[in-house]
Every structure is written in C-alpha cells, then in structure tokens.
Amino acid sequence: MTFFDELAERLPEMGPVLLLGTLDTVYMVLWATLFTIVFGLPLGVLLVTTDRGGLTPAPAVRAVLGAVVNVGRSLPFIVLMVAVLSLTRLLTGTTLGPTAAIVPLSIGAVPFFARLVETSLREVDRGVIEAAHAIGAPKATIVGKVLLPEALPGLIAGLVMTVVALISYSAMAGAIGAGGLGDIAIREGYQRFNDYYLWATVICLVVVVQLVQSLGDLLVRRFSHR
Amino acid sequence: MIDAVGLRKVYRLKDREVVAMDGVDLTVSPGEVFGVVGQSGAGKSTLLRCVNLLERPTDGVVRVAGEELTALSGARLRAARRSIGMVHQHFALLSSRTVASNVAFPLEVAGVGRAERGRRVGELLELVGLSDKAKAHPAQLSGGQKQRVGIARALASRPKVLLSDEATSALDPETTASILELLRDLNRELGLTVLLITHEMDVIKRICDSAAIMERGVFRESGRVLDLLGTPGSLLARSLFPLPATDVPDAVAITYTRSYDEPLMSELTRRFDVDVNVLGGAVETVSGSSVGRLNVQVRGANREAALGYLAESGLLVEAAR
C-alpha cells in the first residue's frame with residue numbers, strides 16, 4: 001500500500017479534525033481580511049494622498065504613517081504575535097483560539113496590504129487625476145470615483161496576496177495556540193510524528209490557497225479594462 | 001472671454017528657481033479659436049494650466065467669462081472650472097468606465113440627476129459621432145475615438161470655453177485632421193471659444209483665428225493670424241511659410257493675405273519692364289483666406305518702382321533671407 005492509499009484510508013478518522021481545522025483557518029483569515037481592508041485601505045490611500053504632489057500633501061503625516069507601516073512590515077510575524085499578546089488579551093479576553101489570533105493577524109496584514117494599496121494607487125495615470133481636477137471634482141470624489149476604481153484590479157490582486165499571506169500567518173499562529181490547520185500540522189503532524197496529518201493539512205492549505213487565488217484572478221479579469 | 005494679465009509662474013526647486021512663464025498677457029475674444037504655438041519647454045502647458053488654475057500663477061490675474069478665477073479657491077473655484085472644458089493630449093479617460101460613463105462623469109460631479117445625465121450623454125455622443133460606442137471601454141477605441149470621447153466629456157457641462165492641451169499631438173495626420181475639423185465645427189456651431197496649445201504649426205494654419213508664438217515663457221508675437229502674416233518680420237509668417245534660404249541677388253520675399261483678381265506678376269513685367277523669377281514659396285488657405293509667401297527675384301532698371309507697386313497693392317515686400 002502506498003502512502004497516499006493509507007492517507008485515503010485514514011481520511012474518515014482524520015476528516016472531522018481536518019474539517020474543523022479548515023473552518024477555524026477560514027474563520028481567522030476571513031475576519032482578519034475584513035479588518036485588514038477596513039484599516040489597510042484608508043492607510044494606503046493616505047500614504048498616497050499625503051505624499052508630495054498628492055491630493056492633500058502633508059509631509060509630516062506621511063512620514064509618521066510611513067514609519068508605522070515600516071515597523072509593522074519589519075517584524076517577523078511570529079515575533080509580532082508574541083509582542084501584541086497583551087493587546088490581544090485586552091481586545092478578546094484570551095490569547096488562545098482562533099478569535100484571539102484575529103488580532104495579530106490583522107496587525108500583521110494591515111501594513112502589508114497598505115503598501116500594496118499604495119503601489120496600485122500610484123499606478124493610476126496622473127493625467128486622469130488632472131482631468132478630474134479640471135472637471136471641478138472635489139478631493140473625496142477624486143479618491144472615490146477616480147483613484148480607487150481605476151486601481152481596482154491592482155487592489156484586488158493585492159488583496160489576494162494579502163489573504164494568501166494571512167493563510168500562511170494563520171498556520172504560524174497555530175503554533176502558539178490559535179487552532180486551525182497550522183495547529184493540526186504542528187501538534188498532530190510534527191509533535192506526534194503523524195505524517196498523514198501533516199500531508200493532509202498541506203493538501204487542505206494548498207486547496208484553500210488555490211481557491212483564493214483563482215477567485216482573485218477571476219475578479220481581476222472581470223474588473224480590468226485596460 | 002479669456003483675459004489674462006501679467007501671468008508669471010515660478011517653480012521653486014531645491015537649489016534654484018525656474019521661471020516657466022515670465023509676464024504673459026493673453027486675450028481671447030468670444031467665439032474665436034486661439035492657438036499658442038511653441039517648442040516644448042516654452043511654457044505653453046503652464047499657461048494653459050494657469051487659465052483654469054490647475055496651476056496657480058505666481059503673479060497675474062486670470063478672468064474667464066468675466067469671473068476672476070485667480071480670486072477664487074476651494075468650492076467656488078471648482079464650480080467655476082465646470083464652465084471651462086479641457087481636452088488632454090493623452091485623452092485622460094477613466095479606463096474603468098464605459099464611454100457613456102466617462103462622458104457622464106462631469107455631470108455626476110455637478111450633481112445632475114440620472115435621467116438628465118443619460119439624455120445629455122446621448123446628445124454628446126451623437127455630436128462627436130460615437131453613439132454606437134456608448135457601452136465600449138476606452139481601451140477598445142482608437143486614438144481618434146478616444147479623443148472624441150475626451151471632447152464629449154469636456155463639453156458635458158456646457159462650457160463657454162474649451163482648453164485643448166496638445167489634443168492632436170498623439171494622433172496620426174488623418175485623425176488629427178478630423179479632430180481639428182470637429183473642434184472647428186464645435187467652435188462654429190456652439191459658439192465655443194477655444195484656447196489650444198500645440199507645437200504643430202499646421203494646427204494654427206488649419207483652425208486658428210488668432211495665435212501667439214511662445215518662447216522661453218513669453219509671447220514673441222500675438223494677434224490675429226492674418227494680421228500677423230501681413231506684418232513685416234513676422235515670426236509666424238516665417239514659421240507657417242518657411243522659405244528656403246537664398247543668396248540669389250535682388251531676391252525679395254513677398255507675402256499676401258488675400259486673393260487678387262488682377263494678374264499682379266504680368267502687370268509687373270508689362271508696366272515696369274522687369275524680369276520676375278519665382279524662386280520658391282507656398283500658397284495655402286489660412287483662416288479662410290488664400291495666403292501666399294514667395295521668394296521672388298526681381299531684376300531690371302525699374303526694380304524699385306516695381307516693388308513699390310507691389311507694396312501699394314497691399315502685398316508685404318521684405319528682403320529675402
């Protein structure tokens with residue numbers, strides 16, 4: 001019997017555990033994605049608009065935001081998780097389980113996504129922005145009706161990258177008690193030397209990432225008119 | 001319609017100042033097409049952007065349709081900009097929106113209701129001949145079609161003035177001709193005042209009533225095209241009708257800005273007994289008039305009298321260069 005035959009044979013026994021693990025991972029990642037959009041998108045917009053030559057130049061604000069983002073970006077996720085433990089307890093009342101993991105996941109992904117948003121927005125043709133000024137559009141309209149819609153395909157692609165990064169972070173969070181697929185791979189696979197669990201979680205992770213990427217590609221194509 | 005007085009624009013860079021515009025006075029009468037021509041870096045773009053305050057002039061006053069734009073800011077300036085349309089060299093269309101939705105954009109900004117927007121967009125697309133492309137995206141259009149969309153968008157809020165920033169510079173000659181024709185038609189049919197900047201002399205020749213030559217931030221020459229062509233030493237004449245350099249003795253450059261019924265050249269040889277030899281030149285229609293500029297060799301005992309006769313008949317006679 002090959003390894004994979006055996007894996008298939010053990011599926012009924014592993015199935016419920018894997019399903020729960022997958023659901024936990026999806027739960028963590030979805031909430032973290034939501035918070036990442038809520039905080040990361042405005043942050044990315046501000047990084048662009050406060051820059052010199054932007055819609056609302058404010059070099060001091062921009063310098064502070066840039067520094068904050070860089071600090072967030074330079075912390076390895078595993079360190080960041082530990083560093084924000086007290087904040088996590090403050091916000092969720094615990095440092096264990098998928099809900100607690102949403103806090104460090106969001107904090108880790110916001111600066112990442114903000115930089116990707118910044119890059120996408122910078123690619124919007126300056127001529128189009130000038131045309132909007134010439135039309136008499138107020139700044140909020142230029143952000144809402146010109147910058148963001150024009151950058152939409154890039155924003156979606158950036159979000160997909162962020163979600164994939166979040167899935168990878170969530171596996172790391174599993175190592176310090178967040179639950180989810182990472183937790184199963186570490187506890188069942190690594191610590192109890194059960195290769196079947198290890199490989200089964202790998203397959204689950206690959207499938208989830210693949211689904212996210214395909215959905216993202218589909219949306220990018222749908223909204224790209226270049 | 002457009003009145004700008006004493007426009008200066010100075011850009012402050014880290015270690016020095018760059019004077020992009022150094023005292024420009026511009027008057028564009030209602031209903032005329034005014035062209036500013038010059039090399040890149042002459043300050044044309046700065047001038048155009050100062051007219052709708054996309055750039056605020058360092059000094060000077062800009063009035064458009066009686067309103068002093070340089071005195072406005074914020075919401076009042078944005079409102080004033082809605083009566084000034086602008087067409088861009090690289091079209092500047094929103095790639096995420098359809099053609100119809102691009103044309104509707106200024107109307108959205110102005111707060112026009114959905115039904116009214118739809119009606120107006122229909123009219124505008126018809127005006128520029130793109131009714132069948134309403135649902136297309138800009139990426140699916142040719143350059144000329146994109147510029148038509150740009151023009152429709154510029155006209156959406158019924159502006160009195162249209163600013164054109166090198167509108168045809170990214171287009172091939174044939175498309176350029178059709179876009180210029182469209183601008184000329186709009187100028188005539190809607191009474192639209194057009195201020196355009198270009199580096200192509202041909203644009204001046206084809207559609208401009210008035211023109212200015214800009215160099216290093218100032219107007220070297222400015223006025224009605226036909227008047228300028230009839231002015232001795234005119235830069236515009238030399239630029240629109242370049243004559244080959246000549247070292248032939250007794251050559252003169254003659255310029256005329258209307259057609260003549262009498263056969264001037266045969267008259268010359270008959271009455272003054274001089275030899276007339278055309279060395280080079282061009283005859284074209286400018287602002288609806290037949291304009292010609294020729295290098296002519298005139299020899300004979302009565303040469304001075306012959307040249308005097310030409311000048312009396314209203315031709316401009318200058319020494320050939």
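Which domains does the domain assignment give for chain B?

1. The assignment divides chain B into domain 1 (2-229) and domain 2 (241-319); such bounds come from an automatic or database domain assignment. The model is predicted, so local features need pLDDT of at least 70 and side-chain atom pairs count only at pLDDT 80 or more, while totals for chains, interfaces and linings use all residues. Residues are numbered from 1 along each chain as its sequence is written, and chains are lettered from A and ligands numbered from 1 in the order in which they are written.

2. Taken over C-alpha atoms, the centres of domain 1 and domain 2 of chain B are 38 Å apart. Domain 1 of chain B puts 5 residues into the contact and domain 2 of chain B puts in 7 residues, two residues being in contact if their C-beta atoms, placed from the backbone, lie within 7 Å. On the domain 1 side, helix 8 (residues 225-229) of chain B gives the most, with 3 residues. Helices (H or I, at least four residues) and strands (E, at least two) are DSSP runs, numbered from the N terminus.

3. The largest nonpolar core comprises 147 residues, and B:Val51 and B:Val103 have the most contacts inside it. Helix 8 (residues 139-175) of chain A gives the most to this core, with 16 residues. At least three residues come from each of domain 1 (2-229) and domain 2 (241-319) of chain B. A nonpolar core is a set of buried Ala, Val, Leu, Ile, Met, Phe, Trp, Tyr and Cys residues joined through C-beta atoms within 7 Å.

4. Leaving aside neighbours within four places in sequence, the contacts of B:Val103 include B:Val121, B:Leu124 and B:Val149. B:Val103 also belongs to the set in helix 3 of chain B that meets helix 4 of chain B, where the partners include B:Arg117 and B:Leu125.

5. Helix 3 (residues 99-109) and helix 4 (residues 114-127) of chain B pack at an angle of about 125°, with axes 9 Å apart. Helix 3 of chain B is therefore oblique to helix 4 of chain B.

6. Most residues other than glycine have a negative phi. B:Glu166, although not a glycine, has a positive phi of about 50°, and its place is in the loop between strand 7 (161-165) and helix 6 (173-190) of chain B. B:Glu166 is buried, with 21 other C-beta atoms within 10 Å. A residue is buried if 20 or more other C-beta atoms lie within 10 Å of its own, exposed if 12 or fewer, and partly exposed in between, with C-beta atoms placed from the backbone.

7. B:Asp273 likewise has a positive phi, of about 55°. B:Asp273 counts as exposed, with 12 C-beta neighbours inside 10 Å.

Terms used: Axes are lines fitted to C-alpha atoms, for helices over the stretch in contact, and angles run from 0 to 180 degrees between N-to-C directions. Angles under 35 degrees count as roughly parallel, over 145 as roughly antiparallel, 65 to 115 as roughly perpendicular and the rest as oblique.
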